[in-house]
Each structure stands twice: as C-alpha cells, then as structure tokens.
Amino acid sequence: MAIGQGNGKMMRAIKRILVVDGEKEFADTVTRHLKRKKFITQSASNGADAREIINETTCPVSQYDLVITDVIMPKVSGIELLQWIKNHHSEISVLIVSGLGSQNMVKKTIRPAMDDCCQKPVTPDEMMRLIGTINNKRKTHQMRR
C-alpha cells in the first residue's frame, strides 16, 4: 500500500524489513517474530553487508521500507549505516536498537536522522509498537508534503 512520495520515490506502509545486528541470535529472533507478523524480512550481520543488500535491491517493489539496526557492529557501525541510508535511500526508515547507554542518550546523539530507537532487550510487543509508530510518522510526513 503506497502512502505517498518521498524525494520522488514511493513511500509505502512498512512491509519489507532488513534486520542488521552482529548478534546472530538477536537478529534471528527479531526476524522470526516479524515473519510471524507477515513482514518480508532479511538479516545482515553488519552495516557493510546491509549496504550491499540495499544496493542490490534495485526494484522499487522489493526495496526495504525499514532497517532495524544495532549501533555497535563490525566493519560499518549502525550510526554509519543510518547516515548512509539517509544520504542515499531517504525513503527507508531506520529503527536503532541499542544495548549501550540510555535511550535518551541515543536519541540525543543521533536525532533527527533516525526514525526511532529502543533499548535491548526489546519485547515483541514493543517492537510492533515501534514499527507502528514509525509507520504513522511516514504517513504524517507524506501528508505534510
């Protein structure tokens, strides 16, 4: 379902999600939960792999709507990934999931580039609430254009 245009590119309701985390168990758990909720998901173990996956997805229909990423990862950090996404694929929303510091610290450090953030561990209900909040922000942003 399309919800508007962003920088000339179609903005859709969140359906395709890329989970990026160096902790395989966390990424697998999140991916399994999202698949049960009927999202189309894929995972990457670091920001470099995530950039490669996003760049290989050239068809607008198969482009990711949301990237859920950790902050600390090998090769390319979540912060570097966030900045790259906002510079090259601004239609993709980003949810930062961090095991470091407080949520307020994360928000102050990387706002306004990220769409939302939360602390690890995150419950499935909290993850769904955050995705819903980001989806609503995408809709609101498009209505203002």
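Reply: Buried means under 20% relative accessible area, exposed over 50%, and partly exposed in between (1.4 Å probe, protein chains only). Strands (E, at least two residues) and helices (H or I, at least four) are DSSP runs numbered from the N terminus. This is a predicted model, where local features need pLDDT of at least 70 and side-chain atom pairs count only at pLDDT 80 or more, while totals for chains, interfaces and linings use all residues. Residues are numbered from 1 along each chain as its sequence is written, and side-chain values use heavy atoms, with hydrogens and water left out.

Me: How many bridges join β5 to β6?

Reply: There are 4, and β5 and β6 (residues 93-98) run parallel. Strands pair if DSSP finds at least two bridges between them. Ile68 has Leu95 as its bridge partner in β6.

Me: Changing topic, how many salt bridges does the structure hold?

Reply: It holds 8, each a side-chain nitrogen of Lys or Arg within 4 Å of a carboxyl oxygen of Asp or Glu. One of them pairs Asp21 with Lys120, with the closest N and O atoms 2.7 Å apart. Asp21 lies in the loop between β3 and α1 and Lys120 in the loop between β7 and α5, so the pair ties together parts 99 residues apart in sequence.

Me: Buried or exposed, those two?

Reply: Asp21 and Lys120 are both buried.
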